[in-house]
Amino acid sequence: MNGTLPVPDKPLNVLVTKTLTLPDVSAEDEEMIRQAAGPDAVITIVDSPKEGVGHAAEADVILGITPKWLFEAAPKLKWVHATASGVDMFMYEEFIRSNVLLTGEKGLVGGHLADTAFGLLLALTRRIKTAIELGPEGWTLENREMMRFSEVELEGLTMGIVGFGGTGRHLARRAVAFGMKVRAIDAFSVPASDGVEKVEGMEALDDLIAVSDVLAVGLPLTEETRAMCDYQFFQAMKPTAIFLNVTRGEIIDGAGLEQALQEGIIGGAALDVAPIEPLPADSPLWSFDNCVMTPHTAGASQHRGRRNLERFCRNLVALREGHELEGIVDKTAGF
């Protein structure tokens, strides 16, 4: 996909909307944006996308989230840089059909997601979740033996990664450090790295599911991936295998995962995302000993906002100089 835009023939008008992943824009940050945007650029910073509506009419560029109602208020808009790794919220027809370019954090957020993924994985395999829940009762002979006799070492196990983007690569790097074997597939031809010798195509999915001891799904949310992890998907996994997902919860068919855990056809689930968010208090997923969850918090990092802001500023310079922008999103594919 072409990631260049015509070089602006007038000073840029840039609208910055604060969001969950860009909660603050310091004076230093504003100056960095101003320098990148060029002489006489107009920089407007607001506390939310809602507050951006009154400033959107003249905006050439938006940094932040752009719901349909903000997009409709910005007739001169040429480019949006998203402050979110998942971009499914942009995939409404009017935006997809427009000539507005979309860039974002693609490839920047994998590290902290993978950190949480391994925290969740270890909480299951090393019975950390069980020990925390037992508290003082964990020291009884019965409970100590139960945990010791059921703990699993990661070394030598196979991690299968479905979707070898930024998160997948960081997962592979950590898996190799734990002595795991790693196998990865992707819908696109992407380079191998981080311990993966060859990235296979999606035609290898069935085999990957069957051989993985830990199956990590790191796919974007599209119409093709929505609810793809259903009961039949889990049925094809090893009965001892752990399903791992820290990217998009809607990829999971909730009823299918609940049934798989209830029937014991998989070894467990480690999730930072859920089929429905927030996950209702009466969801059966809360009740399984072999299901460990965090409330969609893996995306947090003290470095995240700055990394993306620096990319945005590099892109502002690239726009003014007629170069290709970083982090291009294919609006047709949805990622």
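Reply: Start with handedness. A crossing is left-handed if the near helix is turned anticlockwise from the far one by less than a right angle, and right-handed if clockwise. Keep in mind that this is a predicted model.

Me: Which hand does the crossing of H5 and H8 have?

Reply: The crossing of H5 and H8 is right-handed. On the H5 side, the contact includes Gly-110, Leu-113, Ala-117 and Phe-118. On the H8 side, Gly-166, His-170 and Leu-171 are among the residues that take part. By class, the contact of H5 with H8 has 6 nonpolar, 5 polar and 2 charged residues.

Me: What makes the space lined by Thr-21 and Leu-22 a cavity?

Reply: In a cavity, a 1.4 Å probe fits but cannot get out. The structure holds 1 cavity of 30 Å³ or more. About 40 Å³ of space lies in the largest cavity. Its lining includes Thr-21, Leu-22, Leu-63 and Glu-105. Helix H12 (residues 304–321) gives the largest share of that lining, 4 residues. By class, the lining of the largest cavity has 3 nonpolar, 4 polar and 2 charged residues.

Me: And what lines the second largest pocket?

Reply: A pocket, unlike a cavity, is an open set of points. The second largest pocket has a volume of about 360 Å³. Of its 18 lining residues, Arg-127, Val-152, Thr-240, Ile-242 and Gly-267 are the closest to its centre. H5 (110–125) and H6 (128–134) each supply at least two lining residues. The largest share, 3 residues, comes from H5. The lining of this pocket has 8 nonpolar, 6 polar and 4 charged residues.

Me: How do you know that the bond from Glu-277 to Pro-278 is cis?

Reply: The omega value goes with that label: the peptide bond from Glu-277 to Pro-278 is cis, with omega near -5°. Pro-278 sits in the loop between strand S11 (268–271) and strand S12 (291–293). Most peptide bonds are trans.

Me: What makes Asp-194 worth a remark?

Reply: Asp-194 has a positive phi of about 55°, although it is not a glycine. Most residues other than glycine have a negative phi. Asp-194 is in the loop between strand S7 (181–185) and strand S8 (199–200).

Methods: Residues numbered from 1 in each chain as written. Predicted model: local features only at pLDDT ≥ 70, side-chain atom pairs only at ≥ 80, totals over all residues. Heavy atoms only, no water. 1 Å grid on protein atoms, 1.4 Å probe; cavity = no way out; pocket = protein on both sides within 12 Å on 5 of 7 lines; lining within 4 Å. Points joined across faces, edges and corners; volume = space filled by probe spheres on them. Nonpolar A, V, L, I, M, F, W, Y, C, P; charged D, E, K, R; others polar. Contact = heavy atoms within 4.5 Å.
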